[in-house]
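Hello,

Here is the structure I promised to pass on. My notes on what turned up in it follow below.

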Amino acid sequence: MKTFTLSDIQAQPGRRVVITGATGGIGLQTALALAGARFEVILTGRNADKGAIALRQIRDAHPQATVRYEDLDLASLDSVARFAERFAAQHDALDVLVNNAGVMMPPQRQTTADGFELQFGTNYLGHYALTARLLPLLRKGAAPRVVNVSSGAHKLLADIHFDDLQWQRRYKPWRAYAQSKLASLSFAFELQRRSNAGDWGLISNGAHPGYARTDLIANGPGNDAWSTRLGKRWFQPWASQSAADGALPTLYAAASAQARAAGYYGPRDRFEMRGPVTDAAIGAHAKDEAIAARLWDVSAQLTGVSWPRTLIDTAAPVRSSARPDSEPSA
């Protein structure tokens with residue numbers, strides 16, 4: 001793959017993109033680059049003050065940018081529904097959705113407003129519901145794309161624990177995070193399959209930033225955690241890259257003409273932790289179509305969203321009977 005840089009992003013005036021978690025880190029760097037390429041950028045986040053700072057940073061870098069901020073908390077299905085309603089009232093189409101927002105490894109089990117384990121609920125279920133609610137507008141977009149930001153962790157000790165999706169029995173921060181990122185990537189591939197079957201017209205793909213220096217890790221285990229201190233002192237200088245470089249795989253997936261449907265992109269070097277954009281390695285569970293189909297149906301039940309009927313649905317109606325063995329607790 002030819003080395004991809006910001007200069008390779010062609011100007012796409014007026015192409016409308018929603019980016020979740022865009023007030024810092026990978027999301028903000030993605031917004032900065034796309035605003036510079038004349039996209040119409042909608043930043044979303046949970047903190048209006050951080051949103052105002054992000055808007056100022058983008059406008060300072062790109063004075064002619066068309067950009068605004070909207071409140072959206074992926075840990076609340078009500079917030080997701082309200083955002084989608086507002087957006088539909090303001091716009092008749094959406095061209096790109098970047099599902100980027102996330103939390104990483106809180107030491108103690110936490111839950112969303114709807115009772116889901118925080119990482120599974122925020123990193124995956126919130127984006128699943130958001131994509132479903134914005135699908136009518138995406139189908140009206142110009143060559144619409146959905147990008148799900150995953151992680152190399154999806155390959156490590158990761159499985160979809162259908163018997164305990166919410167980690168109620170024994171919470172393990174790392175494995176819960178890995179499950180949420182596996183779910184995100186599995187969703188990206190299943191969304192492409194369903195789009196193909198139902199003629200939704202989407203390009204759905206995934207990306208991961210490698211080991212990018214953002215607030216995500218510090219806001220998870222915390223700066224006092226031994227793993228954080230050790231990583232910053234010894235591992236980070238060798239393996240990490242800036243947030244701007246970490247955003248390049250997402251930007252490739254969202255804006256490159258060479259990005260493929262059901263593609264997955266990440267850094268090339270040092271075990272995919274840093275370096276130029278390349279095709280990233282995909283774990284076996286993320287390729288499993290049966291797991292993806294079951295997860296899709298369970299997620300629809302948990303979030304209460306609906307999707308258009310597709311050939312996949314009619315070919316295998318038994319999938320709709322899948323149920324998680326443990327329901328989320330309020």
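Of the 330 residues in the protein, 56% are buried, where buried means under 20% relative accessible area, exposed over 50% and partly exposed in between (1.4 Å probe, protein chains only). This is a predicted model, so to read it as I did: local features need pLDDT of at least 70, side-chain atom pairs count only at pLDDT 80 or more, and totals for chains, interfaces and linings use all residues. Residues are numbered from 1 along each chain as its sequence is written, and side-chain values use heavy atoms, with hydrogens and water left out.

The protein has 11 helices and 8 strands; these are DSSP runs numbered from the N terminus (helices H or I, at least four residues; strands E, at least two). Taking a contact as heavy atoms within 4.5 Å, 74% of the contacts with a separation of 6 or more join residues 24 or more positions apart.

On confidence: pLDDT is the predictor's confidence in each residue, from 0 to 100. Its mean for the protein is 89, and 86% of the residues reach 70 or more. Over residues 218–224 the pLDDT is below 50, and this stretch has 16 contacts beyond near neighbours in sequence. Residues 316–330 also stay under 50, with 36 contacts beyond four places in sequence. Where pLDDT is low, the predicted coordinates should not be read in detail.

A cavity here is a set of points, on a 1 Å grid over the protein atoms alone, where a 1.4 Å probe fits but cannot get out; lining residues have an atom within 4 Å of a point. The count comes to 1 cavity of 30 Å³ or more, and the largest cavity holds about 30 Å³ of space. Its lining consists of Tyr124, Tyr128, Ser186, Phe187, Glu190, Ala292, Leu295 and Trp296. The elements giving two or more residues to that lining are α4 (118–138), α5 (173–198) and α10 (289–303).

Lastly, Arg170 sits in the loop between β5 (145–149) and α5. Arg170 counts as exposed because its relative accessibility is 62%.

Best wishes

Definitions and conventions
On a 1 Å grid over the protein atoms alone, a cavity is a set of points where a 1.4 Å probe fits but cannot get out, and a pocket is an open set with protein on both sides within 12 Å along at least five of seven lines; lining residues have an atom within 4 Å of a point. Grid points are joined across faces, edges and corners, and a volume is the space filled by probe spheres set on the points.
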